[in-house]
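Me: I have a model open and would like to go through how its parts sit together. Can we take it piece by piece?

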Amino acid sequence: MFKSKFGSIPKFYVRAPGRVNIIGEHIDYCGYSVLPMAVEQDMLIAVEPVKTHTLQLANTNPLYPDFSTSDSNIQIDKTKPLWHNYFLCGLKGIQEHFGLNKLTGMNCLVDGTIPPSSGLSSSSALVCCAGLVTLTVLGMHLSKVELAEICAKSERYIGTEGGGMDQSISFLAEEGTAKLIEFSPLKATDVKLPSEAVFVIANSCMEMNKAATSHFNIRVMECRLAAKLLAKYKSLQWDKVLRLEEVQANLGVSLEEMLLITEDALHPEPYSPEEVCRCLEISLQELRTQILSPNTQDVPIFKLYQRAKHVYSEAARVLQFKKICEEAPDNMVQLLGELMTQSHVSCRDMYECSCPELDQLVDICRKFGAQGSRLTGAGWGGCTVSIVPADKLPSFLANVREAYYQKNNRSLAPEKQSLFATKPGGGALVFLEA
């Protein structure tokens, strides 16, 4: 296909995997550790460097139109999350890092096996792939950690205020192990998953594009406002605080104590922008221009208590999950499953990032043998991840297929993208032509 598009053959290929977040949802951008693993599905780009300063992009999927530009001043349209903009994010991040003002010329053909808008991070895999492609064409070198940090920052050009988990696991993943990913500084630690269980991903078939709606950014802002109100309540320098983790670090207390402080400091009723301003002793103008992002300035209410409760309890569940994996008790799979189910309940009730289809899918998975099940990714659609005893896998897959997909007439096409068991996969790679 590359030959028919560009009349030449690629010089090298780059792959970057998608990921499934096993536990730790919506807490990376609050500064807390998460526990993802790379999946085997990935983005693949065939590349030919060219002498002209022209970028030509094509996709094996005819749904995604060709794109080309010679403009060295890369503009990324935040109003339309078009597929090629994710490539441009990765390209722009690397070029800016090295201070280059001429466009890196190349012909690229993109292919992917990660189902789009499914919460398995197809967009971040494309950003990472593009960053690694650009680095390779330039003949430059960066560590995996540096690459992950650049790609996490550059994906924000598309308008989503993400936290860095997706890019970190895409580069730092290793086959056979999940990773505990910590931030500031970025660090990945192996977490050995139980050998007697498998993780099964099930796609709800409800698509969710983070960049196309404001749900995601509203949650980021609610967490930021909750952090500022908690900091003010505790007489900290609240205007410098951006993340909930910073409040805990400044106070030097445990996550359990942060949950108690949240109970004292915040009320369960939603906050209006005016009430937030009264609490922080600032004007509405200051709130809008100095704290809120452009697409959250007109939000009528903020649920600060619920979001902070979710973040602090979820951060504690991640640490418990890792501890159980390390100690490997006899009922390990059951204990891990309970944490995953608690995570889903918190995502559903406190963070409100589930949807009826995800809730139904979680219930079906648990009914047919999953020890625990939860939404994974941003939510509002996309996938669930379930921990299933290995000996129950064939009957589990058959029952879920019938109860969720066939009964509801939901397409399983291609089936491999809708319901599959996965093992921890490896990270991003460059394949050079011999």
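Me: Which strands does helix α3 lie across?
Reply: This is a predicted model. In it, helix α3, residues 122–138, lies across β1, β2, β5 and β12. The helix runs at about 145° to β1, which covers residues 12–23.

Me: And helix α2, what does that lie across?
Reply: Helix α2, residues 83–97, lies across β2, β3, β4 and β5. Its direction is at about 135° to β3 (55–59).

Me: In what order do the strands of the sheet come?
Reply: The order is β4-β3-β5-β2-β1-β12. These six strands form an open sheet with mixed pairing.

Me: Which ones are the edge strands?
Reply: β4 (67–69) and β12 (429–432), each of which pairs on one side only.

Me: How much are neighbouring strands turned against each other?
Reply: By 20° on average, with direction ignored.

Me: Do β2 and β5 run parallel or antiparallel?
Reply: Antiparallel, with seven bridges joining β2 (residues 35–49) to β5 (residues 106–112). Met43 stands opposite Gly112 in β5.

Me: New topic. At what angle do α6 and α9 pack?
Reply: At about 30°, and their axes are 10 Å apart. Helix α6 covers residues 215–233 and helix α9 residues 273–280. Their crossing is left-handed.

Me: Which residues make the contact?
Reply: From α6, Leu225, Lys228, Leu229 and Lys232; from α9, Val276, Cys279 and Leu280.

Me: How many of those are nonpolar, polar or charged?
Reply: The contact of α6 with α9 has five nonpolar residues, two charged ones and no polar ones.

Note on methods:
Residues numbered from 1 in each chain as written. Predicted model: local features only at pLDDT ≥ 70, side-chain atom pairs only at ≥ 80, totals over all residues. Heavy atoms only, no water. Axes fitted to C-alpha atoms, helices over the stretch in contact; angles between N-to-C directions. Helix = DSSP H or I, 4+ residues; strand = E, 2+ residues; numbered from the N terminus. Left-handed = near helix turned anticlockwise from the far one by under 90°. Contact = heavy atoms within 4.5 Å. Nonpolar A, V, L, I, M, F, W, Y, C, P; charged D, E, K, R; others polar. Pairing = 2+ DSSP bridges.
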